[in-house]
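Here are my notes on this one, jotted down as I went through the model. Have it open beside you and follow along point by point.

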2 protein chains.
Amino acid sequence: MNRNDNGVLVVGSVAYDSVTTPVGAVSDVIGGSATYFSLSVSHFASVSLVAVVGSDFLQEHLDLFSDKGVETSGLEKVEGDSFRWSGLYSTEDVNERTTLNTDLNVFSEFSPDLTDIHNSKPYLFLANIQPHLQLSVLDQMKVRPRMVALDTMNFWIEGNISELKEALSKADVAFMDEHEIRSFSAEVNITRAAQKVMDIGPSTVVVKRGEHGVLMFQRDSIFSAPAFPVKKVVDPTGAGDSFAGGFVGYIAATQDFSQAGFRRAVILGSVMGSLAVESFGPDRVVSAGSTNIEKRFNILYEMTRFEPLGDGQSLPGISHF
Amino acid sequence: MNRNDNGVLVVGSVAYDSVTTPVGAVSDVIGGSATYFSLSVSHFASVSLVAVVGSDFLQEHLDLFSDKGVETSGLEKVEGDSFRWSGLYSTEDVNERTTLNTDLNVFSEFSPDLTDIHNSKPYLFLANIQPHLQLSVLDQMKVRPRMVALDTMNFWIEGNISELKEALSKADVAFMDEHEIRSFSAEVNITRAAQKVMDIGPSTVVVKRGEHGVLMFQRDSIFSAPAFPVKKVVDPTGAGDSFAGGFVGYIAATQDFSQAGFRRAVILGSVMGSLAVESFGPDRVVSAGSTNIEKRFNILYEMTRFEPLGDGQSLPGISHF
């Protein structure tokens with residue numbers, strides 16, 4: 001089995017979201033983890049999507065994917081309604097989200113079936129679907145991907161811990177948010193929590209903290225990246241998946257597995273996440289140009305610079321004792 | 001009036017704290033904003049303390065200050081009990097603090113009276129005392145300090161907003177935590193909230209976010225610094241004042257008012273805050289050596305490094321459109 005590209009495969013959800021935020025409300029905008037992820041990757045690398053939608057899925061949204069070069073032969077269309085999610089973000093703290101309704105609809109029968117187009121992709125992102133589906137996808141891969149990245153969410157942590165652990169044991173990169181990793185590891189201290197996840201398998205654990213940025217843990221290093229200072233958060237939905245898209249897309253594009261490469265991948269993830277929150281739905285992720293992406297990268301670079309104290313130079317004023 | 005030193009003056013509280021955290025509980029440990037601040041500054045610059053304690057104040061705690069070179073001629077001892085505070089930190093989230101009891105005692109009559117030892121100090125830190133006392137201290141300064149830094153807390157934001165605004169209008173640096181700045185500015189977005197505070201006067205606004213690090217806003221720049229990854233948080237009390245001590249102490253020691261100097265000051269603040277949380281009371285702030293402080297500075301440096309994309313180099317894989 002030969003690999004003929006550096007493409008990315010994502011298996012996840014494509015949904016219609018109805019969202020209320022302090023800024024406004026929208027109904028039935030295109031959403032879902034695989035949607036945000038693939039549109040974000042499309043700025044960096046080729047990407048194939050495996051998901052399921054219902055007979056209500058609109059042509060304009062198929063066009064959205066094809067316009068961005070997302071390969072959708074694995075987007076199965078079946079009888080019934082598409083996955084629908086509705087949620088509310090607090091006016092007090094836009095990071096606080098309440099799920100109002102989850103109608104799995106056709107997604108409840110989702111059973112990803114990989115074809116030869118998918119099963120040798122070198123970069124695999126398992127979005128937050130049921131852990132047993134994540135395991136099924138891994139089983140179907142004809143060649144072990146160069147990088148398996150996995151996302152999860154509290155819902156699966158609570159109900160499917162042993163399957164989730166098995167999926168994690170086969171992943172290289174785990175994306176979790178602060179609450180998820182604390183809940184999963186039963187450990188309040190994030191550094192210790194990340195160590196517990198690394199002990200299961202992933203050599204890289206990326207802890208997403210919303211407006212507080214990202215911590216990436218690897219065997220011998222911690223990398224801290226700020227969130228891009230967004231002037232107006234319109235809708236946080238999809239920020240995490242857009243982050244993952246920037247991260248995985250950059251690694252796929254560069255094939256740079258060095259620590260320096262992973263750190264830049266985190267920054268590009270932050271950039272893509274910051275774009276996601278600036279519109280309802282994935283509009284900003286879709287419309288962003290490379291100039292804007294590079295500009296935000298450079299702003300994050302400037303935001304984090306400081307000079308070392310200097311070789312052998314001691315702190316001024318410090319009494320040595 | 002000539003300035004004969006680069007010393008720091010702090011006006012704030014010296015108290016006995018009783019604290020319960022997930023790690024344990026202690027009673028009547030030395031605390032208060034001026035205590036943590038001055039002990040933290042003592043690693044960098046000379047510092048004088050103006051505060052009030054009761055007749056119960058122990059000689060060993062006077063000795064603690066003098067051992068670290070903190071000048072205490074302004075530590076007034078009066079009849080009655082010292083300020084006592086007791087609080088509880090959540091096991092769920094150690095950043096969540098509940099005040100169980102506040103006995104102001106002699107602190108309720110505190111009226112700072114500056115002598116010639118204090119009133120020409122070039123660096124002034126107004127800890128979180130009543131805004132009218134902060135204003136009284138400013139009025140007593142014979143020479144406008146080179147830098148006035150001011151801390152505040154929700155308690156004064158809620159009850160004394162106009163006096164607080166007046167004090168802020170006379171400050172160069174404002175320290176606020178996330179909750180405080182949101183409450184003060186009625187603005188959820190931290191960047192906009194910081195802009196509102198800068199509009200009142202301070203050219204530098206430092207937003208403390210506990211384990212999520214610090215954001216420093218200046219006219220034309222934002223600086224993001226991570227929290228030092230502490231292995232075990234014992235007691236968060238005093239972290240903010242120890243942070244301020246590292247920040248102001250470093251500026252006083254270097255007299256470096258450049259953006260680069262302020263950024264390093266933030267990092268040293270983070271280091272001192274990280275030491276504060278590793279013990280009940282200020283033990284770790286007191287016992288830290290310069291080697292440990294420099295080591296933590298360097299760890300924060302390594303934690304934040306990433307390489308730019310390069311001059312004129314575009315992102316690999318990005319389609320330009």
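**Notes on the dimer and its packing**

1. Start with how the copies relate. Keep in mind that this is a predicted model. Chain B superposes on chain A by a rotation of 180° with 0.0 Å of shift along its axis, at an RMSD of 0.0 Å. The two copies are thus related as by a two-fold rotation axis.

2. Now the interface. On the chain B side, 41 residues are in contact with 41 residues of chain A. Elements of chain B that each supply at least two residues to this side are strand S13 (221-225), helix H8 (239-254), helix H9 (259-276) and helix H11 (290-304). H11(B) gives the largest share, with eight residues. Sorted by class, the side of chain B that touches chain A holds 22 nonpolar, 13 polar and six charged residues.

3. Do the copies use the same surface or different ones? Of the interface residues of chain B, 98% are also interface residues in chain A, so the copies meet through the same surface.

4. On to the sheet in chain A. Four strands make an open sheet in the order S3-S2-S6-S7 (chain A), and the pairing is mixed. At the edges sit strand S3 (24-31) and strand S7 (97-103) of chain A, each of which pairs on one side only. From one strand to the next, the twist averages 15°.

5. One pairing in that sheet deserves a look. Strand S2 (residues 15-21) of chain A runs antiparallel to S3(A), and six bridges join them.

6. Next, a helix pair in chain A. Two packed helices are described by the angle between their axes and the distance between the axes. For helix H1 (residues 33-41) of chain A against helix H8 (residues 239-254) of chain A, the angle is about 40° and the axes are 7 Å apart. That makes H1(A) oblique to H8(A). The crossing of this pair, H1(A) and H8(A), is right-handed.

7. What does H1(A) bring to H8(A)? Ser33(A), Tyr36(A), Phe37(A), Ser38(A), Ser40(A) and Val41(A) are the H1(A) residues, and they meet Asp241(A), Ser242(A), Ala244(A), Gly245(A), Gly246(A), Val248(A) and Gly249(A) in H8(A). The class count for this contact of H1(A) with H8(A) is five nonpolar, seven polar and one charged.

8. Another pair in chain A: helix H3 (residues 131-140) and helix H5 (residues 161-169) of chain A pack at about 30°, their axes 8 Å apart. Angles under 35 degrees count as roughly parallel, and that makes H3(A) roughly parallel to H5(A). H3(A) passes H5(A) in a left-handed crossing. From H3(A), the residues Pro131(A), His132(A), Gln134(A) and Leu135(A) meet Glu163(A), Leu164(A), Glu166(A) and Ala167(A) in H5(A). By class, this contact of H3(A) with H5(A) has four nonpolar, two polar and two charged residues.

9. Finally, the corresponding helices in chain B. Helix H3 (residues 131-140) and helix H5 (residues 161-169) of chain B pack at about 30°, with axes 8 Å apart. That makes H3(B) roughly parallel to H5(B). Their crossing, H3(B) with H5(B), is left-handed. Among the residues in this contact are Pro131(B) and Leu135(B) from H3(B), and Leu164(B) and Ala167(B) from H5(B).

How values were computed
Residues numbered from 1 in each chain as written. Chains lettered and ligands numbered in written order. Predicted model: local features only at pLDDT ≥ 70, side-chain atom pairs only at ≥ 80, totals over all residues. Axes fitted to C-alpha atoms, helices over the stretch in contact; angles between N-to-C directions. Parallel < 35°, antiparallel > 145°, perpendicular 65-115°, else oblique. Left-handed = near helix turned anticlockwise from the far one by under 90°. Contact = placed C-beta atoms within 7 Å. Least-squares fit on C-alpha atoms with pLDDT ≥ 70 in both. Pairing = 2+ DSSP bridges. Nonpolar A, V, L, I, M, F, W, Y, C, P; charged D, E, K, R; others polar.
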